[in-house]
Amino acid sequence: MPVPETGALLAVLTACCPDVVPRIVGKPHPLLFEGALARFGVAPGEAVMIGDNGLTDGAGAERSGIRAVLVGPGN
């Protein structure tokens, strides 16, 4: 069964609400990583991002000063 991903959902929302400018916060945007650091009360050097995509997980962690460990095929 097909499952709509984030891009498709955003397209639906912007089609229905053309005057609303969305603020996108997701990987690799630093705000997502900074929020996690604040929630758990740790500094970037004390955290590790475990992910499977260097372009989103790795880049976002790196931009936030967090070490990334990539797992899965090709990592």
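Q: How many salt bridges does the structure hold?
A: The structure holds 1 salt bridge, meaning a side-chain nitrogen of Lys or Arg within 4 Å of a carboxyl oxygen of Asp or Glu. This is a predicted model, where local features need pLDDT of at least 70, side-chain atom pairs count only at pLDDT 80 or more, and totals for chains, interfaces and linings use all residues. Residues are numbered from 1 along each chain as its sequence is written, and side-chain values use heavy atoms, with hydrogens and water left out.

Q: Which side chains meet in the salt bridge?
A: Those of Lys27 and Asp57, at 2.7 Å, N to O. The pair links distant parts of the chain, 30 residues apart: Lys27 is in the loop between helix H1 (6-16) and helix H2 (30-40), and Asp57 is in helix H3 (residues 54-63). Helices here are DSSP runs (H or I, at least four residues), strands likewise (E, at least two), numbered from the N terminus.

Q: Is Asp57 buried or exposed?
A: Asp57 is buried, because its relative accessible area is 3%. Buried means under 20%, exposed over 50%, and partly exposed in between (1.4 Å probe, protein chains only).

Q: And Lys27, what does that count as?
A: Partly exposed, because its relative accessibility is 43%.

Q: Switching to rings: how many aromatic pairs in the whole structure?
A: The search finds 0 aromatic pairs. Rings of Phe, Tyr and Trp (its six-membered ring) would pair with centres within 6.5 Å; planes under 30 degrees apart count as stacked, over 60 as edge-to-face, the rest as tilted.

Q: What sits over the ring of Phe40?
A: The charged end of Arg39, 5.9 Å from the ring centre. The cut-offs are NZ of Lys or CZ of Arg within 6 Å of the ring centre and within 35 degrees of the ring normal.
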